Amino acid sequence: MKLQVRSPRHDREVIEIPSKVSKLATPFNGSIASAKGDEYKITNNVIDLLPDELEYSIAQSTNHWKLTASVYEDLWRKRSLSLLTGEEFPIEKEQELLIEWMNPQPQKWYLDVGCSTALYARTLKKHEPKSEQVAVDFSDVMLQEARLKAEAEQVDLYLVKADGRNLPFFAGTFDGLSMGGTLNELTDELKVLYECRRVLKSDGTLFMMHLIKAGSWYGRLFQESAEWGGLQFWSVDESNLLFRRAGFKVEEQFTKGIVCFTKLKPN
């Protein structure tokens, strides 16, 4: 199946991505263009649909560092939930919840928003190889690291460089979306959630994992220092209000420590 994207320059123009771009075992380099003539590069299977340089917070900017990309998943992400919840919480448990709530199906399309190394997209693809997985991030180095990990695991993904505030997809493209930890880093979180609602089908699911306000004084002290770098934290009630404002309703939700998992459906 081929991926159709929306031209970043001309909203109504369709750009069709060759399916071989998702076959990560074979490097693909080239370009794609809309009928209007706007052209975009594909480098090592990463489709660059972010033509303009944008401003990012300090926290977001660290995702452009090659060192961050190389250690993110193995040194941090696999251990982070145990550290943040204060109890043993292996990454496999998170992946099981992702699969349960998303329930990926053959020939259906799923988007990993702010994917970093595409952990969620890779997990869903391994569980249902006949599903179509798209992973989007603004960081070249994260997407290239995602490519290496996906290739090593022999899973195929579409890797797209884009900004969550202006997703290059048409309304109702995806059967499911996932976002793991990205919400706290956003500078325009409501705009990104609106975009998620737009590209999600009316019966689709958004799997959300994000961090909430700490209850202890020392936890809040740490979070306040992190907010200086651009991170944001909300209470569960504040988070749910944010989701409702973007057009979602909470179907399932639970918290462990400062980690909150939410299954969202369009209103």
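Arg12 is an exposed residue, at 80% relative accessibility; here exposed means over 50% relative accessible area, buried under 20%, and partly exposed in between, with a 1.4 Å probe and protein chains only. Arg12 sits in the loop that joins strand E1 (3-6) and strand E2 (14-17). Helices (H or I, at least four residues) and strands (E, at least two) are DSSP runs, numbered from the N terminus. From Arg12 to Leu200 there are 188 residues in sequence and 18 Å in space, C-alpha to C-alpha.

All of this comes from a predicted model, in which local features need pLDDT of at least 70 and side-chain atom pairs count only at pLDDT 80 or more, while totals for chains, interfaces and linings use all residues. Residues are numbered from 1 along each chain as its sequence is written, and side-chain values use heavy atoms, with hydrogens and water left out.

Now for a residue at the other end of the scale. Glu94, in helix H3 (residues 91-102), counts as buried at 1% relative accessibility. Which residues does Glu94 touch, leaving aside neighbours within four places in sequence? Its contacts (heavy atoms within 4.5 Å) are Arg77, Leu81, Phe89, Tyr120, Met209 and Phe261.

The search runs on a 1 Å grid over the protein atoms alone: a cavity is a set of points where a 1.4 Å probe fits but cannot get out, and a pocket is an open set with protein on both sides within 12 Å along at least five of seven lines. Lining residues have an atom within 4 Å of a point. Grid points are joined across faces, edges and corners, and a volume is the space filled by probe spheres set on the points. For the linings, Ala, Val, Leu, Ile, Met, Phe, Trp, Tyr, Cys and Pro count as nonpolar, Asp, Glu, Lys and Arg as charged, and the others, Gly among them, as polar.

| Space | Volume | Lining by class |
|---|---|---|
| Largest pocket | About 940 Å³ | 21 nonpolar, 15 polar, six charged residues |
| Second largest pocket | About 160 Å³ | two nonpolar, four polar, five charged residues |
| Largest cavity | About 80 Å³ | five nonpolar, four polar, two charged residues |
| Second largest cavity | About 30 Å³ | three nonpolar, two polar, two charged residues |

The largest pocket has about 940 Å³ of space, and of the 42 residues lining it, Tyr72, Gly181, Thr182, Glu185 and Leu231 are the closest to its centre. Two or more lining residues come from each of helix H1 (58-61), helix H2 (66-85), strand E7 (132-137), strand E10 (200-211) and helix H7 (217-227). H2 gives the most, with eight residues.

E10 turns up again in the second largest pocket, where its four residues are the largest share of the lining. Among the residues around that pocket are Lys201, Asp203, Gly204 and Thr205, along with Met102, Tyr110 and Lys265.

How many cavities of 30 Å³ or more does the whole structure hold? The search finds two. The largest cavity is lined by residues including Tyr72, Arg77, Cys115, Tyr120 and Gly180, and H2 and helix H4 (119-127) each supply at least two of its lining residues. Tyr72, then, is one of the residues closest to the centre of the largest pocket and also lines the largest cavity. Around the second largest cavity you'll find Arg6, Ser7, Pro8, Asp11, Asn166, Leu167 and Pro168.

Helix H8 (residues 236-245) has Ser239, Asn240, Leu242 and Phe243 as its buried residues. Seen down the helix axis, these fall within an arc of 155°, so they line one face of H8; the arc is that of the directions from the helix axis to the C-beta atoms. They pack against helix H6 (189-199), E10, strand E11 (248-256) and strand E12 (259-266). On the face turned away from the buried side, H8 carries the exposed residues Asp237 and Arg245. Just past the helix, Gly247 takes a positive phi of about 100°.

Last, the cysteines. Searching the whole structure turns up zero disulfides, a disulfide being a pair of cysteine sulfur atoms within 2.5 Å. Cys196 is in none: the nearest cysteine sulfur, in Cys115, is 13 Å away. Cys196 is also buried, with a relative accessible area of 0%.
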